[in-house]
Amino acid sequence: MAETINIAEAAAQISEEIFSVFKWERQEFFDQNLGCQIQEHDKRTHPCDCVFYYIDPYLGKYVYLNTDLKSYAAGTINKNSVLIALKSLALATHCANISDEWKAKYVEPSDHFDHVIRGFLFVYNHDNSYTNDFHEQLDGINSASLKIAKDQQVHVFGPEQIKDCYAIACDFQILKGKNQIIDYGFWYPDMIQHKVKHGDTWEQPATIELLSSPLIIIKYKNLKDEESYVIYYKRNGDTIDEFVYLIDLLSHYQILSEALPVNLRFISSNISKNVKTNFKHGVNRYMQDWSLDEAREKQLNLIKAEIVTRQSAHYNIGDLGWRDKL
């Protein structure tokens with residue numbers, strides 16, 4: 001897809017085409033400048049491109065993401081640019097947590113849910129030619145230099161992570177039509193230290209932590225009220241052992257014991273040419289470990305493994321450059 005749009009329109013497009021699929025909401029205000037509340041920041045205002053939000057199933061709280069959207073050519077994305085953006089975002093998010101003006105604009109009134117406000121840096125490569133390792137650039141930044149306030153969180157999505165999210169969102173939209181999906185939600189296990197506190201499966205969004213994980217599990221039901229799972233697997237599938245681990249994990253989560261169809265979809269942009277063979281061998285090895293148990297075999301036969309044909313977005317929004325906010 002190629003469109004000529006400005007940054008505000010890019011934010012709308014990104015929200016519509018990616019995050020709405022993941023059940024995030026987006027507040028209506030774009031590209032705002034809000035008054036600084038902290039004298040030490042030495043700022044008159046802080047920018048806010050947009051705010052996404054959802055209710056975190058584990059926290060039982062609204063999570064508001066004070067978002068800085070970056071849409072640039074590959075050559076503009078470098079360590080210094082990322083550092084400048086993160087420093088600015090850290091200050092803006094610190095201020096957002098104490099700003100009545102920010103909360104009046106963006107926080108939903110609620111008698112039932114508390115909230116947290118976090119920063120979110122979204123670095124999109126609009127010419128689709130960025131080939132560096134974005135995480136290496138992040139690793140090269142001294143976190144102490146960012147001056148992130150105590151108990152404050154700042155999330156970062158780089159170009160490859162955004163591509164993955166876009167590919168998953170597009171693919172799931174296709175599956176929704178093909179399988180006549182009428183309801184779906186993102187699946188979370190009860191953990192030792194964290195249990196799901198809010199909502200049933202059909203209400204749950206994909207948290208920003210889930211979107212950063214190698215495994216995204218979606219449960220859905222169709223027009224016939226039949227339930228199934230779609231699992232997006234982000235790893236490359238290079239080894240048999242990883243699939244033995246994956247199957248064991250699904251068994252531990254009691255997903256296999258539900259005896260529902262499972263569509264395992266390989267989404268990696270660097271998928272192994274042997275991924276389906278490795279998965280098949282992983283199933284066989286797992287079965288051998290269980291002494292060819294017939295009930296296990298029946299459960300495993302419900303897993304259908306497929307390679308996703310990835311779709312990518314291309315926004316031609318020009319060389320906007322990084323805003324020098326410091």
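Author: Buried means under 20% relative accessible area, exposed over 50%, and partly exposed in between (1.4 Å probe, protein chains only). This is a predicted model, in which local features need pLDDT of at least 70 and side-chain atom pairs count only at pLDDT 80 or more, while totals for chains, interfaces and linings use all residues. Residues are numbered from 1 along each chain as its sequence is written, and side-chain values use heavy atoms, with hydrogens and water left out.

Reader: Is Arg285 buried, partly exposed or exposed?

Author: The relative accessibility of Arg285 is 33%. That value falls between the limits of under 20% for buried and over 50% for exposed. Arg285 therefore counts as partly exposed.

Reader: With which side chain does Arg285 meet in a salt bridge?

Author: A salt bridge is a side-chain nitrogen of Lys or Arg within 4 Å of a carboxyl oxygen of Asp or Glu. For Arg285 the N to O distance is 2.3 Å. Arg285 lies in helix 8 and its partner in helix 7, so the pair ties together parts that are 44 residues apart in sequence. The partner is Asp241.

Reader: Which residues of helix 8 are buried?

Author: Helices (H or I, at least four residues) and strands (E, at least two) are DSSP runs, numbered from the N terminus. Helix 8 covers residues 275-289. What covers its buried residues includes helix 7, strand 12, helix 9 and strand 13. The buried residues are Val275, Asn278, Phe279, Gly282, Val283, Tyr286 and Met287.

Reader: Which residue with a positive phi follows helix 8?

Author: The phi in question is near 55°. The residue is Ser291.

Reader: What is the nearest side chain of opposite charge to Glu17?

Author: Lys and Arg count as positive and Asp and Glu as negative; His and the chain ends are not counted. Glu17 lies in helix 1, and is buried yet has no salt bridge. The nearest side chain of opposite charge is 10 Å away, and it is Arg26.

Reader: Where in the chain is Arg310, which forms a salt bridge with Glu160?

Author: The closest N and O atoms of Glu160 and Arg310 are 3.9 Å apart. The pair links distant parts of the chain, 150 residues apart, with Glu160 in helix 5. Arg310 is in the loop between strand 13 and strand 14.

Reader: How many salt bridges are there by this rule?

Author: Some share partners, joining Asp171, Arg265, Lys304 and Glu306 into one network. The count comes to 10 salt bridges.

Terms used. Expected span 1.5 Å × (residues − 1). Contact = heavy atoms within 4.5 Å.
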